[in-house]
Amino acid sequence: MLYRVEGIVIRSMDYGEGNKIITLCTESGGKVGVLVRGAKKSKSRHAALTQPFTYGEFVFFRNTGLGTLNAGEIIQSHHTLREDITKAAYASYACELLDRVLQDEETGAFWFKQLKACLEALESGKDPLIVMSIYEFKILQAAGYAPQLDACISSGQQCADEDMFISPRLGGVLCRGYKHFDPAALSVSPRTLKLLRLFAQIDLNRLGNIDVKDSTKLEIKHVMRQFMDMQLEVKLKSRNFLDQLDKYDM
């Protein structure tokens with residue numbers, strides 16, 4: 001059967017001497033694997049379509065399993081992401097995270113839109129740590145693990161932000177009087193808590209420039225890292241590389 005879809009290349013791997021297999025996140029069909037014959041050859045007309053982060057229209061034959069590319073056209077190459085090591089690292093993390101969380105047969109419209117917005121925000125020069133924290137929040141929401149940040153997850157009470165702790169293990173905030181339910185709950189500044197609530201509501205497509213102090217960004221990163229580890233339990237090679245970049249920057 002012939003398919004025509006818009007998709008983003010979230011993974012690209014060599015296959016045989018001259019071929020590649022790409023994994024697409026598509027708006028209409030979820031996650032799809034497609035064989036691109038001859039993509040490694042210097043004169044291949046499809047080579048550019050196999051580059052990571054490429055957003056394009058893909059036409060392929062597929063009965064069951066892997067599809068075979070017939071034609072395609074690039075809509076956005078996102079080549080500037082591949083040319084900047086920091087942007088490439090964050091974009092790779094965004095793609096690998098989605099690849100690990102999104103199931104093959106799962107409808108991909110929401111995931112596709114979030115990834116598309118994430119890559120565009122990174123390419124436009126927005127703060128990558130803020131972009132990625134919002135993206136991670138959207139991934140948690142889509143996977144059914146959205147943190148509860150407005151009221152104590154144990155009592156249901158709304159307390160002053162100064163008296164709230166964040167429990168990644170329980171999936172939300174705890175009032176001071178209920179912290180014994182998770183002694184490892186994190187103490188965060190009211191500013192960080194307000195920003196996390198904003199991230200829950202904000203649309204990545206409409207993200208403006210958010211001025212955040214470095215100390216607050218590090219706190220947000222730590223909180224989101226804990227949520228991702230506790231709720232999704234995925235280990236990603238791209239995140240390890242990001243951590244190495246952070247050490248280099250320091």
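**Briefing: strands, helices and local contacts**

In strand β8, L174 is the bridge partner of F165. This is a predicted model. The chain has seven helices and nine strands. Its radius of gyration is 20 Å, close to the 18 Å that the globule rule gives for 250 residues, so the chain is as compact as a globular protein of that length.

- β7 (residues 164-167) pairs with β8 (residues 172-175) in the antiparallel sense. Four bridges join β7 and β8.
- β7 also pairs with β9, again in the antiparallel sense. Here there are two bridges.

- In β8, its partner is L174.
- I166 stands opposite V173 in β8.
- Both faces of β7 are covered. M164 and I166 lie on one side, and F165 and S167 on the other. All of these residues are buried.
- β7 and β8 make a hairpin, with four residues between the strands. In the turn, G171 has a positive phi of about 90°.

- Leaving aside neighbours within four places in sequence, D150 is in contact with Q158, M164 and R197. Of these, M164 is one of the buried residues of β7.
- D150 and Y135 are 15 residues apart along the chain. Their C-alpha atoms are separated by 20 Å.

**Helices α2 and α4**

- On the α2 side, the contact is made by Y90, Y93, A94, L97, L98 and V101. On the α4 side, it is made by P128, L129, M132, Y135, E136 and I139.
- By class, this contact of α2 with α4 has eleven nonpolar residues, no polar residues and one charged residue.
- Y135, one of the α4 contact residues, is the residue whose C-alpha atom is separated by 20 Å from that of D150.

**Residue T216, in helix α6**

- T216 lies in α6, which spans residues 214-231.
- Is T216 buried or exposed? Its relative accessibility is 5%, and buried means under 20%, so T216 counts as buried.
- Not counting residues up to four places away in sequence, T216 touches R191, T192 and L195.

**The whole chain**

- The C-alpha atoms fill a box of roughly 65 × 40 × 30 Å, taken along the principal axes.
- Of the 250 residues, 46% count as buried.
- Take the contacts between residues at least 6 apart in sequence. Of these, 60% join residues at least 24 apart.

Key. Residues numbered from 1 in each chain as written. Predicted model: local features only at pLDDT ≥ 70, side-chain atom pairs only at ≥ 80, totals over all residues. Heavy atoms only, no water. Contact = heavy atoms within 4.5 Å. Nonpolar A, V, L, I, M, F, W, Y, C, P; charged D, E, K, R; others polar. Pairing = 2+ DSSP bridges. Rg over C-alpha atoms; globule rule 2.2 N^0.38 Å. Buried < 20%, exposed > 50% of the residue type's maximum accessible area, 1.4 Å probe, protein only.
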